[in-house]
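The sequence and model come first, then the notes.

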Amino acid sequence: MRAGEKIACPRCGERSVVKEKKIFDDDFALKEVKYYCALCGAEVQEKTSDHQKNTAAEQASKRLSELLGGETVAKVRLKPEADDGHFCLHCKNYVKHPFASRCALSMREIEATDSCTEFETP
Ligand SMILES: [Zn+2]
């Protein structure tokens with residue numbers, strides 16, 4: 001929990017924000033941080049740990065997926081694969097260079113994600 005976080009206050013029942021109060025000991029060392037409802041001033045307890053938040057996010061994602069009538073979609077992988085197409089990266093004539101990669105056929109400067117009709121499987 002942190003200051004400014006939106007909460008549903010358990011006491012006044014309003015959608016409120018968290019007010020933070022730091023409590024210091026006699027040596028001015030931070031002893032405790034307390035959180036209060038900005039509207040009614042009720043102390044708000046930290047309820048959800050990070051783990052619980054993750055679970056809540058998963059549940060929200062599940063509910064959304066149910067709402068959309070679909071199944072949970074696996075994360076999209078964006079790593080190029082050998083059969084992704086005729087990217088210059090996967091071509092036999094791709095000459096990799098830290099500053100300017102070139103095509104061994106045309107000697108043109110190319111990008112790994114370029115493609116052309118001269119593609120050759122290595
Ligand atoms: Zn309140």
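The model is predicted. The protein contains one helix and six strands, and their order along the sequence is β-β-β-β-α-β-β. Of its 122 residues, 6% are buried.

**Overall layout**

- Taking the contacts between residues at least 6 apart in sequence, 31% link residues at least 24 apart.

**The four-stranded sheet**

- An open sheet is built from four strands in the order β1-β2-β3-β4, with antiparallel pairing.
- The edge positions belong to β1 and β4 (43–44), each of which has a single partner strand, so one side of each has no neighbour in the sheet.
- In general, the strands of a sheet pair through backbone hydrogen bonds, in a parallel or antiparallel manner.

**β1 and β2**

- Strand β1 (residues 6–8) runs antiparallel to β2 and is joined to β2 by three bridges.
- Ile7 has Ser16 in β2 as its bridge partner, and Ala8 has Arg15 in β2.
- Six residues lie between the strands in the hairpin of β1 and β2, where Gly13 has a positive phi near 75 degrees.

**β2 and β3**

- Seven bridges connect β2 with strand β3 (residues 30–37), again in the antiparallel sense.
- The bridge partner of Ile23 in β3 is Glu32.
- The hairpin of β2 and β3 has five residues between the strands, and Phe28 in this hairpin adopts a positive phi near 60 degrees.

**Burial and exposure**

- How many of the 10 residues of strand β2 (residues 15–24) are buried? The number is one, so β2 lies largely in the open.
- Lys31 is a residue of strand β3.
- Is Lys31 buried or exposed? Lys31 has 11 C-beta neighbours inside 10 Å and therefore counts as exposed, because the cut-off for an exposed residue is 12 or fewer.
- When neighbours within four places in sequence are left aside, Lys31 is in contact with Ile23, Phe24 and Asp25.
- One of these contacts, Ile23, is also the residue whose bridge partner in β3 is Glu32.

Methods:
Residues are numbered from 1 along each chain as its sequence is written. This is a predicted model: local features need pLDDT of at least 70, side-chain atom pairs count only at pLDDT 80 or more; totals for chains, interfaces and linings use all residues. A residue is buried if 20 or more other C-beta atoms lie within 10 Å of its own, exposed if 12 or fewer, and partly exposed in between; C-beta atoms are placed from the backbone. Helices (H or I, at least four residues) and strands (E, at least two) are DSSP runs, numbered from the N terminus. Two strands pair if DSSP finds at least two bridges between them. Two residues are in contact if their C-beta atoms, placed from the backbone, lie within 7 Å.
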